[in-house]
Amino acid sequence: MMAHTDRHFRYLLRLLSGQAMLYTEMLTTGALLYGDAEKYLRFHAAERPLGIQLGGSDPEALAKCAGRTAECGYDEVNLNLGCPSERVKSGRFGACLMAEPELVADCVKAMLETSAAPVTVKTRTGIDQLDDYDYLQRFIATVSGAGCRTFIIHARKAWLQGLSPRQNRTLPPLQYDRVYRLKQDFPDLEIVINGGINSLDETQAHLRHVDGVMLGRALCHNPYLLTGVDKTLFDVNNRTLSRMEALQRYLDYMETELAQGERLYAMARHLLGLFRGQHGARAFRRHLTTRAVHKNAGVEVVREAAGLLGNLELIQRI
């Protein structure tokens, strides 16, 4: 979810669900240890509960980062072993680490020694030729032996040679049954399923077999999908915001961020799917994509776009 789940998108999602666990983009240990860590680690208190995803393969570096991120207030530190890109592979982190379960176990153990927050692992069902269930089972056994109690499983293998990261999202077939089997074989572990899940109905079906469900690109395309989560999955009767009410609150947030020097499009781009399927949604998206990119664009651009949705009463409130 690189370039998607930044702090602005997470703030929007939190407006739509008070209960769902949110995650950052994957941050490399190098970026945090040698880059602008304050910028990368910044988040709004309203985003919590919030997990941070780390990418790396050096136990010492991961330990330093895990300790620092937990001190910043993150509720979970997740080691990402799912990304299949060439850049990630050349840096020896991401999905390629599935070939080195003992190293992953060492990383998890080191992170647990410095982090006050739980350390979890996100991985695939396999990579390249290491894709049979027995290998996956041994991998989980090795890493859980180091102390990891929660695994988020993207239910498809990753091809590190011959497929692009985009192709790796869809071409290898989904294998939900393997994730279900992991839960049967490791009943004391928390198993969360991910990959190709696009509705709350599908989510509920998976929850009959596993402990949790992670949604990714479905929320990028339609963030309003998250509004049913609190009641349906957590039995919490929070008042559901309408799309327009969510837009109004996000506008308030954008005004604050603009005053601090943020660019409008960095925030407005996350609104493109908010009105998906609604009257005027196409015109709304077109207006934002053509006007919000201008250097000095302000929230009036979003208000103008909202005016194309056709609900005059709610537009007047904005």
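The legends below describe views of a predicted model of one protein.

**Figure 1. Overall fold of the predicted model.** The protein contains 16 helices and seven strands. Its radius of gyration is 20 Å, close to the 20 Å that the globule rule gives for 318 residues, so the protein is as compact as a globular protein of that length. Along the principal axes, the C-alpha atoms fill a box of roughly 60 × 45 × 40 Å.

**Figure 2. The open sheet of seven strands.** The strands follow the order β1-β2-β3-β4-β5-β6-β7, and their pairing is parallel. β1 (22-28) and β7 (212-214) are the edge strands, each pairing on one side only. On average, neighbouring strands of the sheet are turned by 25° against each other, direction ignored.

**Figure 3. Pairing of β3 with β4.** Strand β3 (residues 76-81) runs parallel to strand β4 (residues 119-124), and five bridges connect the two. At one of these positions, leucine 79 has valine 121 of β4 as its bridge partner. Strands of a sheet pair through backbone hydrogen bonds, in either a parallel or an antiparallel sense.

Figure 4. At least two lining residues come from each of α1 (7-16), β1 and α3 (37-41).

**Figure 5. The cis peptide bond at proline 49.** Arginine 48 and proline 49 are joined by a cis peptide bond with omega of about 5°. Proline 49 sits in the loop between α3 and β2.

**Figure 6. Aspartate 128 and aspartate 235, each with a positive phi.** Most residues other than glycine have a negative phi. Aspartate 128, in the loop between β4 and α7 (133-144), has a phi of about 45°. Aspartate 235 has a phi of about 55° and is found in the loop between α11 (229-234) and α12 (243-259).

Technical notes: Residues are numbered from 1 along each chain as its sequence is written. This is a predicted model: local features need pLDDT of at least 70, side-chain atom pairs count only at pLDDT 80 or more; totals for chains, interfaces and linings use all residues. Side-chain values use heavy atoms; hydrogens and water are left out. Two strands pair if DSSP finds at least two bridges between them. Helices (H or I, at least four residues) and strands (E, at least two) are DSSP runs, numbered from the N terminus. Axes are lines fitted to C-alpha atoms, for helices over the stretch in contact, and angles run from 0 to 180 degrees between N-to-C directions. The radius of gyration is taken over C-alpha atoms; the globule rule is 2.2 Å times the number of residues to the power 0.38.
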